[in-house]
Amino acid sequence: MKYSAANRAIVFAMMLLPTLMNAAEPIRHTIRFPNPETNYAEVEATVQTDGQPVIELMMAVWTPGSYLVRDYSGKVESEHAEAADGTPLTVRKSKKNRWAIETGGAAEVRFSYRLYCREMSVRSNWVEADFAIIVGAATFLARAEPGGALIDSQHEVRLELPENWAASHSALPVADNAYAAANFDELLDSPILAGNLAQYDFEVDGVPHSLVNLGEGSVWDGPKSAVDVEKITRAEIEFWGGTPYKNYSFLNAITESGGGLEHKNSTLVMANRWATSTRENYLKWLYLISHEFFHAWNVKRLRPVELGPFDYETEVYTTSLWVVEGLTSYYDPLIVRRAGLSTTEEYLKELSREITVLETAPARLTHGLSDSSFDAWIKYYRRSENTANSVVSYYGKGALVGLLLDVHIRKLTNDQKSLDDVMRSAYERYSGETGYTQAQFRQVVNDVAGQDVGSWIAERVDEPGELNYDEFLEWFGLRFAPAKEQKEPAPAWLGFDTRQQEGRLHVAKVQRDGPGYAGGVNAEDELLAINGYRVTPEGLADRLKAFHPGDQLSLLVSRREQIVSLAVTAGEAPGEDRWKLEADPGATEAQKARLAAWLGTD
Ligand SMILES: [Zn+2]
């Protein structure tokens, strides 16, 4: 976000005369749902013109925390403007996300538009007969200098709910029956749920928290989920040493979807209604809650210098997402474990899964964490059939580098310090207005470790390549489970995934340097036959048992209607349990004690 000279003067004046700030008129937004079953909402924004002949309104093109230009204005329809007395005013688009309004000298204009709300995700809107999920960036407008910077102001939001909707909820304060946001940042950082909500309130250190379930129905176990969210909340507040907000809301949309997005005083997550009914899915939901809440500190307040103030019309680049998302991903299952909500065995299983994902992704050898972070907009958020080959995840690899860094610090300091101290120390130094640079964050690590670990970090963060887990295994007395003895000869492995499409067997993605890749198999190829015999979608797995690693195979594929024969040398699948962590039977008492100190005891 950039301020014009004129606007900076206004901000300065407001700092000198705080009473004037209250006099400034906010932009007033009213959201109506006359026909929610059509997936449309209607928005009306009342804006002061300050006597300008032309004012410009802008909508964000992306939302913080989700690094992709989403062009929210594409969902805006039937926009029109009028003066307070109802006189129609001329509106023209000045950019894909901006509207210029000729005010005709009116002191105030009403700008109205319809919004199509049917993308079920935590960074887009959804409206249907019974409820609405409203995301700030996808909904609201701010004033901007014509062709220039955002003009910040306060905002109010009123919702006119259909009769059968009981309530709405947002972390924003309520005044005069409207949500009040101090500025555009706060407005865009505060999602709203509306409909029939189940709300569970609890306090920690006198600070109110709420779990708000949308769509709880008869399947989702609301009380259980509320008890466990409170446990995670307490564990993370204890980790950081206090609450940095006045109130916090967990907005949980039980809509058979997934994902979460962090905000300063709330999070919006999505869940499957059956998640409280199966242990594995419930743990995933607890990890999600833990992850998004950890962000209330790590990124929403302790942030990379590039991630704020936001320019909502331009991509921002940072190499720090391995800290923001990677270290948060390291802590999300760890804190669930420390809060007693999972067992050591379940924690190690989750860690094994994370290691397996990284160690079977070819991109680990060619793509570094810093680059992955910088290019999030064009790589991690633009997934394709080639993503596992070309993009290393700053979530997954970032979490594992966090794990290894944690152990490294523990070892260097003779178990006096850990990554926990790094996080708290970084928060103390850099949670103010400006944020940290990569160099500053790494300096915090050096300071906690008591020595320069710059090259250790650079090797794992700035360069691609294999991670070495030996120090971690040794420190905690763990090992990767030894391979089981195979009784049968291994089946042939081709190194590509398939999917069934209209009864046909298609190649979904090809693993780099696997047998199919070497033999020229392409994504989208339709696999017809192996060694002259037809294969069906259902029969492929069995057919591969008839061949073995080293066998020369002839694959017949159809590629854009042309029949192509490909010679492929069968390989051996990487063992599924290759990265399964377990206690080393020979672990010493000292190692066991460190493991218990790290994870807590079951
Ligand atoms: Zn995250």
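In strand E7, Trp-99 is the bridge partner of Lys-93.

Biologist: Happy to look at this with you! What kind of model is it?

Modeller: This is a predicted model, where local features need pLDDT of at least 70, side-chain atom pairs count only at pLDDT 80 or more, and totals for chains, interfaces and linings use all residues. Residues are numbered from 1 along each chain as its sequence is written, and side-chain values use heavy atoms, with hydrogens and water left out.

Biologist: What makes His-291, His-295 and Glu-325 donors of the zinc ion?

Modeller: Donors are N, O and S atoms within 2.8 Å of the metal (3.2 Å for Na, K and Ca); water is not among the atoms, so sites may look incomplete. Here His-291 (NE2), His-295 (NE2) and Glu-325 (OE) lie at 1.9 to 2.1 Å, so they count as donors under that cut-off.

Biologist: Why are E6 and E12 said to stand at the edges?

Modeller: The open sheet has the order E6-E7-E3-E11-E12, with antiparallel pairing. Strands (E, at least two residues) and helices (H or I, at least four) are DSSP runs, numbered from the N terminus. E6 (91-95) and E12 (150-151) each have a single partner strand, so one side of each is left without a neighbour in the sheet.

Biologist: How do you know that E6 and E7 pair?

Modeller: Pairing takes at least two DSSP bridges between two strands. Four bridges join E6 to E7 (residues 98-102), so the pair qualifies.

Biologist: Why is H6 called largely enclosed?

Modeller: Buried means under 20% relative accessible area, exposed over 50%, and partly exposed in between (1.4 Å probe, protein chains only). In H6, 17 of the 18 residues are buried, so the rest of the structure largely encloses this helix.
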